[in-house]
Amino acid sequence: MIIPFEQLQRLLLRVERPGRYVGGEVNAVRKPWDITPTRVCLAFPDVYDLGMSNLGLMVLYDILNRLDGVLAERTYAPWPDMAAALRGSGLPLYSLETYRPLAEFDIIGFSLPYETLYTNLLEMLDLAGLPLLSADRKSHHPLVIAGGHATFNPEPVADFVDAFVIGEGEEVIVEIVRAFERVRDQSREAQLLALAQVPGVYVPRFYDVTYHADGTVAEVTPNRPGLPFPIRRRIVTRLPPPPTRLLVPNIAITHDRGTVEIQRGCTRGCRFCHAGFVTRPLRERPLEEVLVAVDDILAATGYEEVALLSLSSADYSQIGPLVERLMERYGERRLSVSLPSLRLESFSVGLADAVSRGRRTGFTFAPEAGTERLRAVINKAIPAGQLLEVVGEVFRRGWRTVKLYFMIGLPGEEPEDVRAIADLVQAVRAEGRRAHGRQAQVNVTVSTFIPKPHTPFQWAALISPEEMRSRQRLLRESLRGGGVKLSWSDARLTQLEAALSRGDRRLGAAIHRAWTLGARFDSWDEQFDEEAWAAAIAPTIAFYAHRERAREERFPWDHINTGVHRSYLWQQWEMSRQGHAQPDCRTGCTGCGILAEFGAQQNEEWVCPAPSKEHG
Amino acid sequence: MSQRLRLLYAVDGPIRYASHLDQMRIWERAVRRAGLPLVYSAGFTPHPQIHVAAALPVGVAGRAEWLDLWLEQPVDPTVARAALSPQLPAGLTIRDAFPADPAEPALPAQVRAAEYHVSVETTEPVAEVRRRVESLLAAESLPRQRRGRSYDLRPLLQRLWVEGEGEGTVRLGMVLSAREGATGRPDEVLDALGLAGGFFQIERRALRLAAEGR
């Protein structure tokens, strides 16, 4: 069944930004439904404006639609007004390409980049008319799979998802689809057993969890013979060619531009950074391939801006020549190039200057902590002198606004570290005023540190809401006066994200309860339903969020092997507590485990030095 | 030597849910994909020289919309149309393309009025709708509020008629003033008729430009 456009139109004039719900984007792929046997719907559980900005979904869309006999369409989370309109008219959630109900697809693939999307996952399943619990779905229902950075701890949503993809999806998604094709007519149990054999796929129902009396995990054990244990992350040994026929939205979206991933992974080893630990090793895309991709993207999309995506732009070994060649080629043709994640160093300022072509919007840096001592603790070393010198250069080159990102609540943070943030911001403002007087502006975003699984800080505690508020207050009071704008993260939302990040399988019931009570779009301040979440999760917040873990505690995500060894993370945690930094691993292998796990597949695009004897 | 290329086009399907600004961006990107040499304004944020005659409200279809594209060099209109058409998203269709006199005033300054056709679901008998139409036309003023501002709808309403009826629907035609600062909205007329509660679809059939007279 296709939902007639006339029927949708009845809803569209009653909702905000109806262009979110009609598809029709340039480069959208509509394969013939009736002669394409395997049908996948890729689902992004946040609003269209954000989901359309997500490169991961676009990569999988491109790969699946290139396969014979397979089609991929898309859907995004309807904003509450549209969800109500759909329910009111008895229409199910549908795909944007052909307006098909989700229930008619074979596979629904959810992208879960962050934890605060979990209630939207439930909302979308419900709007699709599907049973929420994996255990209640039968073989005639679509398979619900999920991947993305949040799923390195899949347990909190293990009740709702049939199978998780752990790690990079480009190759495994094809293996999943082909495995499904062989068992499509079999029972759900047989379908899932076949999927569980695909390396990197985790089917939670085949793994039992037991708990100690104190609530911590006792054991995770496979309940069928021949299942992988632990489940090892999938990586691609070379970055596959980037998608270039990118979808061009008809309405304005959050990041309305083309994107090329220039490298994946990071060698810096900042200890708070989830992405830095779960995307190793660092792999670079060859310069020529990036240039060709930019050409193809501009021709296929008509975009006026391209973002060169990576965790640390200036670390791309060919970044200088890349920027130079792009400017040479497109400078006259009004292309803007954006370089996210620039480090606080003079070289980065030169890069930004080269791509700005005279435009001077804000310049963003993330020192993260206020003192050199604390920056050693988190392993993001920037000498204080260098910081001010670089910021001064930024102002002198014409930028009037500098944005700074800091965290409070880092492990080992003392009151003087918080005061140092204020001192630093004031020093930055002084630099700005020297160059631009009262026109200089410093925008400061202070988030609260959230310990993440698979990082050295997975043992750490989240600070209490009282501490969050008192440290925020301290900053507010020390940063009075003009020229500084301060924003910070909501304490309740921080607590929730922290609990979901390190939650176990029992948290599924709380997520379900919160959704039942009306929680949706939890990462949106104005949508965040404090009461629903308080009712669902309050008694367990201290256990999941605010508790420092002992060395030997078994974590709910320990059966997920990212390739970075737990012993290495513990060693980094110990070094952190002694205030010792760890040099960038390009200067010498630090033995994180990646080469031990994946080293056999290493090639020249990996930026890993030869392992020393000690770590081989 | 730059060229002012005028396009007559239709807007339908999903694209009508894109706002006016969105539609401007859609055209700009289509022109870039087509490889046509679009003129940009100077400065740090160059603006593409694409001038749409009249913004189309979100959700409204257009049968005969106008825009001007300024190109750096003259391009044969047939060639430009052939290059541009395949680059347009579904729902945008070029109906004609021809060079316009560069000395003419900008298109928005030439627009005088717009003709709309509206199909609206209602339980009112058509005779009652006719009676309301007549009383609206007979009124000397129609004071209304929109987004907190008061205005008079009557001088903006040039013509209004019942075009026909179907099962549970009435079809209306109307000509509304469409000058800068004096633009009538068809949904406001529906509301004044007491018909805005029912599902309706609006199509702009024609824009009347100054050169064509009233």
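## Sheets, helices and contacts

Mentor: The model is predicted. Start in chain A with an open sheet of six strands, ordered 2-1-3-4-5-6, whose pairing is mixed.

Trainee: What makes strand 2 and strand 6 of chain A edge strands?

Mentor: Strand 2 (70-76) and strand 6 (201-202) each pair on one side only. Pairing needs at least two bridges between two strands.

Trainee: How do you know that strand 4 and strand 5 of chain A pair?

Mentor: Count the bridges. Strand 4 (residues 143-147) and strand 5 (residues 163-165) of chain A are joined by two bridges, in the parallel sense. The cut-off is at least two, so they count as a pair. Within it, A:Ile145 stands opposite A:Ala163 of strand 5.

Trainee: Which strands does helix 3 of chain A touch?

Mentor: Helix 3 (residues 55-66) packs on this sheet and touches strand 1 (38-44), strand 2 and strand 3 (107-111) of chain A. Its direction makes about 155° with that of strand 2.

Trainee: What is the order of the open sheet of four strands in chain A?

Mentor: The order is 15-16-17-18, with parallel pairing. Strand 15 (363-368) and strand 18 (484-488) are the edges, each pairing on one side only. Neighbouring strands are turned by 20° against each other on average, direction ignored.

Trainee: How do you know that strand 17 and strand 18 of chain A pair?

Mentor: Five bridges join strand 17 (residues 441-448) to strand 18 of chain A, and the two run parallel. At least two are needed, so the pair qualifies. A:Val442 stands opposite A:Val484 in strand 18.

Trainee: What lies across these strands?

Mentor: Helix 14 (residues 415-436) of chain A lies across strand 16 (401-408), strand 17 and strand 18. It runs at about 175° to strand 16.

Trainee: Which residues of helix 4 of chain A are buried?

Mentor: In helix 4 (residues 80-89), they are A:Met82, A:Ala83, A:Ala85 and A:Leu86. Buried means 20 or more other C-beta atoms within 10 Å of the residue's own.

Trainee: Why are they said to be on the same side of helix 4 of chain A?

Mentor: Because they cover an arc of only 160° around the axis. They pack against helix 1 (5-12) and helix 5 (118-127) of chain A. After helix 4 comes A:Gly90, with a positive phi near 70°.

Trainee: Which residues are buried in helix 17 of chain A?

Mentor: In helix 17 (residues 507-516), A:Leu507, A:Gly508, A:Ala510, A:Ile511, A:Ala514 and A:Trp515 are buried. Their arc around the axis is only 160°, so they sit on the same side of helix 17 of chain A. They pack against helix 5, helix 16 (491-501) and helix 18 (530-537) of chain A. A:Gly518 follows helix 17, and its phi is positive, near 115°.

Trainee: What are the domains of chain B?

Mentor: The domain assignment gives domain 1 (3-104) and domain 2 (110-212). Their centres, taken over C-alpha atoms, are 28 Å apart. Eleven residues of domain 1 and ten residues of domain 2 make the contact. On the domain 1 side, eight are nonpolar, one is polar and two are charged.

Trainee: How many residues take part where chain B touches chain A?

Mentor: Chain B gives 20 residues and chain A gives 21. The chain B side has 13 nonpolar, three polar and four charged residues.

Technical notes
Residues numbered from 1 in each chain as written. Chains lettered and ligands numbered in written order. Predicted model: local features only at pLDDT ≥ 70, side-chain atom pairs only at ≥ 80, totals over all residues. Domains from an automatic or database assignment. Contact = placed C-beta atoms within 7 Å. Nonpolar A, V, L, I, M, F, W, Y, C, P; charged D, E, K, R; others polar. Axes fitted to C-alpha atoms, helices over the stretch in contact; angles between N-to-C directions. Buried ≥ 20, exposed ≤ 12 C-beta atoms within 10 Å, placed from the backbone. Arc of directions from axis to C-beta.
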